[in-house]
Each structure stands twice: as C-alpha cells, then as structure tokens.
Amino acid sequence: MEQSRRNLLKSFTALAGASLLPSEVQSQIKAGSSVLKKGDPIDLSEFINLYDFEKSAESKMTKMAFEYVASGAADEFTVKWNRQALDTIKLNPTVLTDVTKLDTKVSLFGHQLSHPILVAPTAFHKIMHPDGELATARGASAASTIYVVSSFTTTRIEEISKVATHPLWFQLYVRDDRAFTKDVVQKAEAQGCKAICVTVDTPVGGARNRQQRVKFKLPDNVNAPYMVSLGPQKNPLTWKDIEWLQTCTKIPLLVKGILNPDDAEKAIQSGVSGIIVSNHSGRNLDTVPATIEALPRIAAKVNKRVPLLMDGGIRRGTDVLKAIALGANAVLVGKPICFGLACGGAAGVEKVLSILQYEFELAMALTGKSSIASIDSSVIWKQ
Ligand SMILES: Cc1cc2nc3c(=O)[nH]c(=O)nc-3n(C[C@H](O)[C@H](O)[C@H](O)COP(=O)(O)O)c2cc1C
C-alpha cells in the first residue's frame, strides 16, 4: 500500500477501527497510485485535515507567496462567509440504511470521476513549489481527478499534459487580443484539455490589500506564458464573447464566477455546457455572499439543464455533501491545493484530495447516503 493512502487509513483506524469502515471505502483508500515514492523526504503523516496544510504552508512559503494565496479582497468578509455559511448548515442523518457500498462516482461531460471533487484553477504554482503545475497535475492524477489549469499557469499546457494521466481542463481569461485568446483556446484543446472554463467574475481585479502590502510580484525566474504583456483591458467581455468562444472550440465551455440566477439563465441561453458558482474565493468583490448561499437559487433556475459546479471554502467532506445536497454536481477546491503543493509537492496535492475524498465518503456513510444520486436536500437539517 502506498504511503499517503496508508497514512490516511492509519489515521482512520486510530479514530474508529478499520472494521467499521464500509468495505468499498477501505478498498478506495487502499487503491490508487500514490505519487509519494519510497525514500521521499516528505513526511505527510501529520497532515490530518485540510487546515493542517494551511498552518504548515506559512513556514514553507515566502511571505509574498503565502499572502498571495491566503488573502482575499478588502476586509475579507466573503472569505469568512464562505466558511461560516458552510459551518452553520446542519446535517440531518438517516440511520439503518445500508452503506456498506458507497457509489461516489460522478460523470462530467462523458468522463467518469471517482469523486465529485476537482482541482480549481489557481495561478502561479511555481511560487508555491519549484515543480509548479507539473506537481499539481501529478497529484491530481494520483487522486484520479480533473485539474483545471489556470490561464496564469507558470508551466505550458504541453508540459503539463505530458505528466497528467487524468483529464485537464483549461481556465480562460479572455484578453483584449481576441485572436490571441482564440489561439490559446485552440492550443489547450489540441493539447488534450477536455473543457474550457471562462472566468467571468474578473472584469477588473479586486482590492487585494494584503497583496498590495507585500508588494506582490512574480520572481524574475517565473512567468505566465499565456498572460504576457498584460496591459489594462479595454475591450469588455460580454455575453456575445461567450457565444463567440463556443465557435472557437469543440470542447465544452463552462462559465466560472456566477452568483446570480439571472446570469445562470443567460449563460444557458448563450449555449454554455456548464456553470461554476464561484466568488473567486472572496478575492474579487468583497461582501458578496458565500457560494453555498447562492447555490440553491441558481440550482433551481438551472434545473439540471447543464452540470452545475461550485467552489468557495470547501475544506471538509461534509462541505462537499452539503454542496451536492443543495444542487451542485461537483465542487472544486482552490487554496488547499496551493497549500498542499507548498507542503509536499505532488504528494501534498494528492494528500489534500485523498483526505477530502475520504471525508466525503465518511459524510455519506454517516448520513445514510450510499450514492451521489441519493444525496438531496433531505440531508440538510431544517429548523
Ligand atoms: C491563489 C489563488 C489563485 C487563483 N487564481 C485563479 C485564476 O487564475 N483563475 C481563476 O479563474 N480563478 C482563480 N482563483 C479562484 C479559484 O479558481 C477558486 O474559485 C477558489 O479558489 C475556490 O475557493 P477556495 O480557494 O476557498 O477553495 C484563484 C484562487 C486562489 C486562492
């Protein structure tokens, strides 16, 4: 059994006794190819939950890199609310249902994932770990999931796709130079990316005070090849561009950064293949609501016409369960992946994902839900 999975199993065994684990859960913990090879100096056994990575990452990253990842916009109300809103949702378990076999699989655009948890696009991985996006791709693949590569990747897609054994998606920032944008989209598709997520919540950057205080800038030896010579954007991104983008590619286009049900409807009318409910981890417009709060009304509007994903503050398996119960098909995780990368490279990324997958299995078993399809709003406690 590989190291990181064994550590997970050990920690659970210490908690509850392996005999209590549903057999499917046990086999999933044992399964998978760990990227932590024998002899690697990284000891991740002390990392029990996702918060442990953030605590440890602070001492492993430069102050500039840590502040870049950890900060939100302005007074960081939305950063806090993303967590608070998830924390205050109570669960309503059902007992005496058969949870010996858990079906955690989810299908997105024809690709079957073992768990409904993806890696969100985050910028500049080489400031977090020297192996940068290659380590993220290896870690995501070892955890059998999709990695959404940021437009601000510090490694070219062709390099990343060589090491990824599970699908990559590409996150797009549309540039004033539409020909350049089209070229980037077509390169991503040609390199095997299976979907494009166009980020629509960033017409301008947020008031990122903590980044301003540390005078954030990239080190000289790190660059973002798809975002070179980034001057002020003059050519606004509008719904017309969303229609145009779909003519540039055959792979599915998702819009990332929807908080408003009317925008979700417009996105569907524009022909998109999927929607990501996101507030950019509270990094853009402070005081917008938590995504888990925005999700139910968007889910009601979308009404299963296209896959609906959500990110923002997902740190626990119970958070994943809550998002699915309130209408998401899957969730994405951002900051914890960056901290996992900083703490342990590919193995750190894999461990972050394995912990979340495993906690999600526990949340399902303990609420009496044996399949994703059976997770509905009845799992949420109503006053
Ligand atoms: C360090 C960092 C960099 C990010 N870079 C991007 C980016 O380049 N493009 C993008 O669409 N979203 C970006 N995001 C937002 C994430 O894709 C995602 O929406 C968010 O991180 C999810 O919330 P969480 O970090 O609480 O899990 C970034 C987030 C962080 C924390």
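**Reading the model**

Mentor: Begin with the surface: the accessible surface of the protein comes to about 16,500 Å², and carbon and sulfur atoms hold 54% of that. Accessible areas come from the Shrake-Rupley method with a 1.4 Å probe, and for residues only the protein chains shown count as cover. This is a predicted model, in which local features need pLDDT of at least 70 and side-chain atom pairs count only at pLDDT 80 or more, while totals for chains, interfaces and linings use all residues. Residues are numbered from 1 along each chain as its sequence is written, and side-chain values use heavy atoms, with hydrogens and water left out.

Trainee: How many helices and strands does the protein have?

Mentor: There are 14 helices and 10 strands. Helices (H or I, at least four residues) and strands (E, at least two) are DSSP runs, numbered from the N terminus.

Trainee: What share of the 383 residues is buried?

Mentor: Buried means under 20% relative accessible area. Buried residues make up 57% of the protein. Helix α4 (residues 63-70) is mostly covered, with 6 of its 8 residues buried. They are A65, F66, E67, Y68, V69 and A70, and they pack against α3 (50-60), α9 (209-213) and α14.

Trainee: How is a pair of packed helices described?

Mentor: By the angle between the axes and the distance between them. Axes are lines fitted to C-alpha atoms, for helices over the stretch in contact, and angles run from 0 to 180 degrees between N-to-C directions. Helix α6 (residues 132-142) and helix α14 (residues 335-367) pack at about 25°, with their axes 6 Å apart. Therefore α6 is roughly parallel to α14, a label for angles under 35 degrees. By class, the contact of α6 with α14 has 8 nonpolar, 4 polar and 2 charged residues. Here Ala, Val, Leu, Ile, Met, Phe, Trp, Tyr, Cys and Pro count as nonpolar, Asp, Glu, Lys and Arg as charged, and the others, Gly among them, as polar.

Trainee: At what angle do α8 and α10 pack?

Mentor: Helix α8 (residues 178-190) and helix α10 (residues 239-248) pack at about 45°, with their axes 10 Å apart.

Trainee: Which residues of α8 and α10 meet?

Mentor: Contact means heavy atoms within 4.5 Å. R178, T181, K182, V185, Q186 and E189 in α8 meet D241, W244, L245 and C248 in α10. By class, this contact has 4 nonpolar, 2 polar and 4 charged residues.

Methods. Buried < 20%, exposed > 50% of the residue type's maximum accessible area, 1.4 Å probe, protein only. Parallel < 35°, antiparallel > 145°, perpendicular 65-115°, else oblique.
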